[in-house]
There are 2 protein chains.
Amino acid sequence: MSPEPTASSPSTLADTGEFALIADLTGRFPQGPHVYVGPGDDAAVLRTPRGHVVVSTDVLVEGRHFRREWAGAVEIGRKAAASNLSDVNAMGGRAHSLTVGLAAPADLPARWATDLADGIAEEAGLVGASVVGGDLTTASEVVIAITVLGTCDQAPVLRSGARPGDVVALAGRQGWAAAGLAVLTRGFRSPRALVEAYQRPQPPYDAGPAGAVGGATAMIDVSDGLLADLAHVASASGVGIDVRRDAFELAEPMRAVGAALGVDPMQFVLGGGDDHAIAATFPSGTPLPAGFTAVGQVTEPGPGGPVVTVDGAAYDGPTGWAHFQ
Amino acid sequence: MSPEPTASSPSTLADTGEFALIADLTGRFPQGPHVYVGPGDDAAVLRTPRGHVVVSTDVLVEGRHFRREWAGAVEIGRKAAASNLSDVNAMGGRAHSLTVGLAAPADLPARWATDLADGIAEEAGLVGASVVGGDLTTASEVVIAITVLGTCDQAPVLRSGARPGDVVALAGRQGWAAAGLAVLTRGFRSPRALVEAYQRPQPPYDAGPAGAVGGATAMIDVSDGLLADLAHVASASGVGIDVRRDAFELAEPMRAVGAALGVDPMQFVLGGGDDHAIAATFPSGTPLPAGFTAVGQVTEPGPGGPVVTVDGAAYDGPTGWAHFQ
């Protein structure tokens, strides 16, 4: 807990912390009767007089979520769109439309903005979605705010439905983007496969709807980091989750980077986000839908509450990240 | 036209200009068959397998769209929400949901963020809308990105339907917020009615649906400035528009501010945005819906194309504003 702020030093965002502040903010927003899923899941789901809507928003800030020297504008556009499209995917939905807000310095090359737009349009095109609106304004740094709208063909899959005994499964690559980012932050440009995985993730867009049709009890987009996101599922569902290291095959370039940087490459898998893999839980015995691989088990919550373990024990590596800290 | 950029000095956002860049960006976004209204109107309208959606996005940047010393966080939240809700209003729709992206420095007082949330929730509550999701991240300045979703009970009213002979009408206060801003920018805090009009606009949320039901042929939210926004209608509809000065009663505080600042107070009315009035056109002879007052006439386009005039002549005062310039 943070110390009680005094009048002379009011509590800041950093003091409060991202998750506590989100909880505080969210509590200030009354939810109308049309809100089927409100704040707190990958996306909100609305039942409106004219049908339902799945909606999610992401804000990406230069220097924090992307760097112009680490990826071209087309790639940044693709990543920005992917991160939003993936949130609809994780509800079991399909995106149909995006809005894009761009705030940028007036001296930004116009070409950078148009390349960004091309990248967003390319990624949206992978799922047949259109960019239908947006806003453009000046700011001292580049901020990209994307909102995605979609629909679900069946009931959306929330984070809260995992039950003890369920199988935890993963669709999509996991850890590649984190390894690519580790390479880039140290000033290297190879292995190329990893750098490209960071610059151009390939979210498994069919996995969300397939998981929903296939009986997933809970589902989430891996964006904060695998263990961090599974902890969101554990917490929302009131369960424990155990992940098995041996469920992951460490691809050769990841082992090479681990050796070169002197780190356990498994930390890219367990702590990495940015690949936009889909993690889901399925009742034991359910055939896993195409693209999913079992990586763990849902357990009873521990005596201290919901917790995520690795091979039955606490994990002491990096598990993801939070803002303001 | 801007000079052709050379390789050594690539064209920037400022060189290109807001509207040219928006046109370029928009052209890069193919519109799927579900897009009934794409980029370019107050909001987009989507026909989805599960019903239709009206959607609009605004990005507000500290120092450009608001200043923390000119309004409290609650007021900034209300204004930010109002500016979005008003876009759905201008389609003839009703908003039901908002998402809010907030990027802010880590040392921002947490109270400022929670007050902002309270202001957004208050304004949304005026139309029965809920804040259903969002994103929170750090940035070097405060950026607020809001997306609003709504529905129309009837066909949306676009900017493009004005016809020569139509009456131009306005609902809501016009010029008050601009006069309040003029006061604040000069370091004053009164007249209070004008400052409050800037800090807490009162958009006529019922006017949009009323205009749509009442037969409006075109409709727009006045946010750039009355003449600037009417120029958007003129351009989209391929018509001319003439506004009559004597249609506007100059309220006493506006006359006082004009006298004190040595400016024609009519420029607040003709050039001001921020009140979120609704401008609409109606076929001649149609009874104007409650709240609307006739302020001008739709005319044939001039020989030089669509143009907005005041009392039949070109207007040489400020007509609004564009970014990057």
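In this predicted model, Gly262(A) comes directly after helix H9 of chain A. The phi angle of Gly262(A) is positive, near 70 degrees.

Helix H9(A) itself spans residues 252-261. Its buried residues are Pro253(A), Met254(A), Val257(A) and Gly258(A). Viewed down the helix axis, these residues fall within an arc of 140 degrees, so they line one face of H9(A). Ala259(A) and Ala260(A) lie on the other side of the helix and are exposed. The buried residues pack against three helices of chain A: H5 (176-185), H6 (192-199) and H10 (266-271).

The contact between the two chains was examined next. The size of an interface is often given as the accessible area lost when the parts come together. Here, chain A and chain B bury about 5800 Å² between them. Carbon and sulfur atoms account for 66% of that area. Chain A gives 74 residues to the contact, and chain B gives 74 residues.

Asp118(A) forms a salt bridge with Arg28(B), with the closest N and O atoms 2.8 Å apart.

Several elements of chain A give two or more residues to the side that touches chain B, among them helix H2 (18-27), strand E3 (51-61) and helix H4 (110-126). Strand E5(A) supplies the largest share, 9 residues. By class, this side of chain A has 36 nonpolar, 26 polar and 12 charged residues.

Terms used. Residues numbered from 1 in each chain as written. Chains lettered and ligands numbered in written order. Predicted model: local features only at pLDDT ≥ 70, side-chain atom pairs only at ≥ 80, totals over all residues. Heavy atoms only, no water. Buried < 20%, exposed > 50% of the residue type's maximum accessible area, 1.4 Å probe, protein only. Helix = DSSP H or I, 4+ residues; strand = E, 2+ residues; numbered from the N terminus. Arc of directions from axis to C-beta. Contact = heavy atoms within 4.5 Å. Buried area = accessible area lost by both parts, 1.4 Å probe. Salt bridge = Lys/Arg side-chain N within 4 Å of Asp/Glu carboxyl O. Nonpolar A, V, L, I, M, F, W, Y, C, P; charged D, E, K, R; others polar.
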